[in-house]
Amino acid sequence: MEPLINKIKSYVTLTSEDEIIIRTLFQKKELKKGEHLLKAGNVCRHVIFIETGLVRYYVNNDGVEETTYFNKENEFVCDNMSFLTQIPSYINIQALEDSTIWMISYDNIQRFYKEVTTGDRFGRLAIEQVFVSAASQNVSLYTDPPEVRYHKFLRNYPDVAQRIPQYYIASYVGIKPQSLSRIRKRISGKH
């Protein structure tokens, strides 16, 4: 649980009492590669911290899976819209590797906000970061050409590009795998 505690400490100061409370609110779980943390149509009931592993977010668009986001170790995972409103999700979240995660339920996150000294501040800072990331990705999808989106992917996920199948990366960038291959050849030809 130390990576989780350290991640929270990167946002806010914690007392030893705060750490004790946090340790009671999160549950550890092991996921197998391919297992879903969330399936579309279900309500997102947990915020998840990835201790080890990698996940992708995707939507099913007329039978075609379109990857929308990735999270890796030391990051939080959640369909915030579903979690905050407790309505069914439109997205799927799937483990791309065997993963070790820590989960906190909706009720326990409310306790976290109330009982941890800086809990409310942590929640605000974390959701602000999620908002900025999502807004930036949406703008890029509509304004940047695929090669620029691929460069941004490499900049945002430099340590995981080799761990993600190319067809998921192509889907994330918004192109077909063949187009990604051409972009990668152009990039490698420049070096």
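The legends below describe close-up views of a predicted model.

**View 1. Four strands, β1, β8, β3 and β6, form an open sheet.** The strands lie in the order β1-β8-β3-β6, and their pairing is antiparallel. The edge positions belong to β1 and to β6 (76-77). Each of these two has a single partner strand, so one side of each is left without a neighbour in the sheet. Helix α1 (residues 2-9) packs on this sheet and touches β3, β6 and β8. The direction of α1 makes about 115° with that of β3.

**View 2. Antiparallel pairings join β1 to β8, β8 to β3 and β3 to β6.** Five bridges connect β1 with β8. In this pairing Lys28 has Trp102 of β8 as its bridge partner. Between β3 and β8 there are six bridges, and the two strands run antiparallel. His46 stands opposite Ser105 in β8. The pairing of β3 with β6 is antiparallel and extends over two bridges. Phe76 in β6 is the bridge partner of Phe49.

**View 3. A further open sheet of four strands is built from β2, β7, β4 and β5.** Its order is β2-β7-β4-β5, with antiparallel pairing. Here β2 and β5 (64-72) stand at the edges. Both have a single partner strand, so one side of each is left without a neighbour in the sheet. On average, and with direction ignored, neighbouring strands of this sheet are turned by 30° against each other. Ile93 in β7 is the bridge partner of Leu38.

**View 4. Strands β4 and β5 form a hairpin.** Strand β4 (residues 54-61) is joined to β5 by eight bridges, and the two run antiparallel. Two residues lie between the strands of the hairpin. Asp62 is in the turn and has a positive phi of about 50°. Asn61 has Val64 in β5 as its bridge partner.

**View 5. Helix α2 (residues 16-25) and helix α4 (residues 106-115) cross at roughly 175°.** Their axes come within 10 Å. An angle over 145 degrees counts as roughly antiparallel, which makes α2 roughly antiparallel to α4. On the α2 side the contact consists of Asp18, Ile21, Ile22 and Leu25. These residues meet Asn108, Arg111, Phe112 and Glu115 in α4. By class, the residues of this contact divide into four nonpolar, one polar and three charged.

**View 6. The second largest pocket holds about 200 Å³ of space.** The lining has 17 residues, and those closest to the pocket centre are Leu37, Leu38, Arg45, His46 and Ile48. Two or more lining residues come from each of β1 (27-31), β2 (36-38), β3 (46-52) and β8 (99-105). Strand β2 gives the most, with three residues. The lining comprises eleven nonpolar, three polar and three charged residues.

Key:
Residues numbered from 1 in each chain as written. Predicted model: local features only at pLDDT ≥ 70, side-chain atom pairs only at ≥ 80, totals over all residues. Heavy atoms only, no water. 1 Å grid on protein atoms, 1.4 Å probe; cavity = no way out; pocket = protein on both sides within 12 Å on 5 of 7 lines; lining within 4 Å. Points joined across faces, edges and corners; volume = space filled by probe spheres on them. Nonpolar A, V, L, I, M, F, W, Y, C, P; charged D, E, K, R; others polar. Axes fitted to C-alpha atoms, helices over the stretch in contact; angles between N-to-C directions. Parallel < 35°, antiparallel > 145°, perpendicular 65-115°, else oblique. Contact = heavy atoms within 4.5 Å. Pairing = 2+ DSSP bridges.
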